Structure formats: C-alpha cells, structure tokens
Amino acid sequence: MKKYMFVAISILFLAGCSFNKQETTNNIFLIPEGFEGSIFTFYNMPDEPALKKEDDYTVIPVKEKTLDVLKDTEISQYGVSFTSTKDMIYGVVNDKYYYVDKNGKRKEINDQCISLGSNGGFSGKNGEDIKYSVIQVTSSSCGPSFKENGRNDFNAQVNHVGKYYFQKLAIKK
C-alpha cells in the first residue's frame, strides 16, 4: 500500500511541476549600431505607441538621445524607448539584444556586453503609474565584470538621465 501511495504522490508532484511554468521576459532590444551606454524603457506613457510583437517576443526599439547636462562628456549619449504598453513582463530574463544598422540589419550582441540595471516606477503628471527598466550596453568593456556591475561612468549616466526624466514626467509635489 505504501508503494502505491508513493507512486500516486510522485505523479501528482510531477504533474503539479508541469503546470508551474516560469514566466520569461521575452524582449528583443533593437539598439542603434555602435551605441554604448545606458538604455531606459518607460512604460504606460500616454500618446506613445504600444510595443509590437515578433513571434513570442516584445520588440523594444531604442532611440539615441543626448542629455544637455552631460554635454561635452563621453556619457552624453543615452538610449530610450517610450511605450503606451502598460507594464514590462517580469520573470526569468531571456531577452535578446541586437545592434541595428541604418538598413535595419541586425547583429546580435553578446550577453557579456549587457548589464541588467534596475526596474522602478513613479506616478506621472496625470496620475498614471509609469514603470521603467534600465540596462547598459557596451562593445568595448564586455566581460563578466561588466555583465555583473556595468560601468561606473554608465552608472553615473543612469543617475543623471533618471533624475532628468523623473523631473520631466513625475507629479510635482
């Protein structure tokens, strides 16, 4: 009897595991060719287009911008994407990253050249719940250290760009 009970419990356990599928992020970042720096993605932005799908992945097109307060520094260029899509997908990160040339041709970026940053949120000027995520990308500092910690100058860039958008988009108290 104990043997049958063990088999029944094992089957139920394995069946339960198969229904407990882990969520994955499934993003494709399209980054301007040669870009190095921080990239912000802002979600739930009114009047911005929704993110498009490519198979099971959400496509995040990145635009390169310049922050005036960092003008004449090596970190004045940053990347940004704005979308009306309400929120990012949370889970195991399985994102894909590509440099895209002027003709739209993609070149995959090695995962040692990507550093995952923070996620966060704040209330927008119209009361909307704005979410954001940050990553860093490099082509000159790739390796385990960059993947784990990013670069100090890019971390400073994140602080400046984050402060700029918080002041621009958040409710003023």
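Let's start at a covalent link: the bridge between Cys113 and Cys142 is right-handed, with 110° about the S-S bond. Its sulfur atoms lie 1.9 Å apart, and a disulfide here is a pair of cysteine sulfur atoms within 2.5 Å. The structure holds one disulfide. This is a predicted model, in which local features need pLDDT of at least 70 and side-chain atom pairs count only at pLDDT 80 or more, while totals for chains, interfaces and linings use all residues. Residues are numbered from 1 along each chain as its sequence is written, and side-chain values use heavy atoms, with hydrogens and water left out.

The two cysteines come from distant parts of the chain, 29 residues apart: Cys113 sits in the loop between strand 8 and strand 9, and Cys142 in the loop between strand 10 and helix 2 (144–149). Helices (H or I, at least four residues) and strands (E, at least two) are DSSP runs, numbered from the N terminus. Cys113 counts as buried because its relative accessibility is 8%, whereas Cys142, at 35%, is partly exposed. The cut-offs are under 20% relative accessible area for buried and over 50% for exposed, with partly exposed in between (1.4 Å probe, protein chains only).

Now step back to the whole fold. The protein has three helices and ten strands, and from the N terminus their order is α-β-β-β-β-β-β-β-β-β-β-α-α. Of its 173 residues, 38% count as buried. Among contacts with a separation of 6 or more, 71% are between residues 24 or more positions apart; contact means heavy atoms within 4.5 Å. The exposed surface comes to about 11200 Å², with carbon and sulfur atoms supplying 53% of it; accessible areas come from the Shrake-Rupley method with a 1.4 Å probe, and for residues only the protein chains shown count as cover.

Ile89 is in the loop between strand 6 and strand 7, and its C-alpha is 5.2 Å from that of Thr25, although the two are 64 residues apart in sequence. Beyond its neighbours within four places in sequence, Ile89 touches Thr24, Thr25 and Thr58. Lys102, in the loop between strand 7 (96–100) and strand 8 (106–108), counts as exposed because its relative accessibility is 87%.

Finally, the pockets. On a 1 Å grid over the protein atoms alone, a pocket is an open set of points where a 1.4 Å probe fits, with protein on both sides within 12 Å along at least five of seven lines; lining residues have an atom within 4 Å of a point. Grid points are joined across faces, edges and corners, and a volume is the space filled by probe spheres set on the points.

The largest pocket has a volume of about 270 Å³. Strand 4 (57–61), strand 5 (63–66) and strand 6 (77–82) are the elements giving two or more residues to its lining, and strand 6 gives the most, with three. The lining includes Glu48, Lys52, Val80 and Phe82. By class, it has seven nonpolar, one polar and four charged residues. Ala, Val, Leu, Ile, Met, Phe, Trp, Tyr, Cys and Pro count as nonpolar, Asp, Glu, Lys and Arg as charged, and the others, Gly among them, as polar.

The second largest pocket holds about 220 Å³ of space. Of its 17 lining residues, Thr25, Val93, Asp95, Asn119 and Ser133 are the closest to its centre. Its lining is made up of ten nonpolar, six polar and one charged residues.
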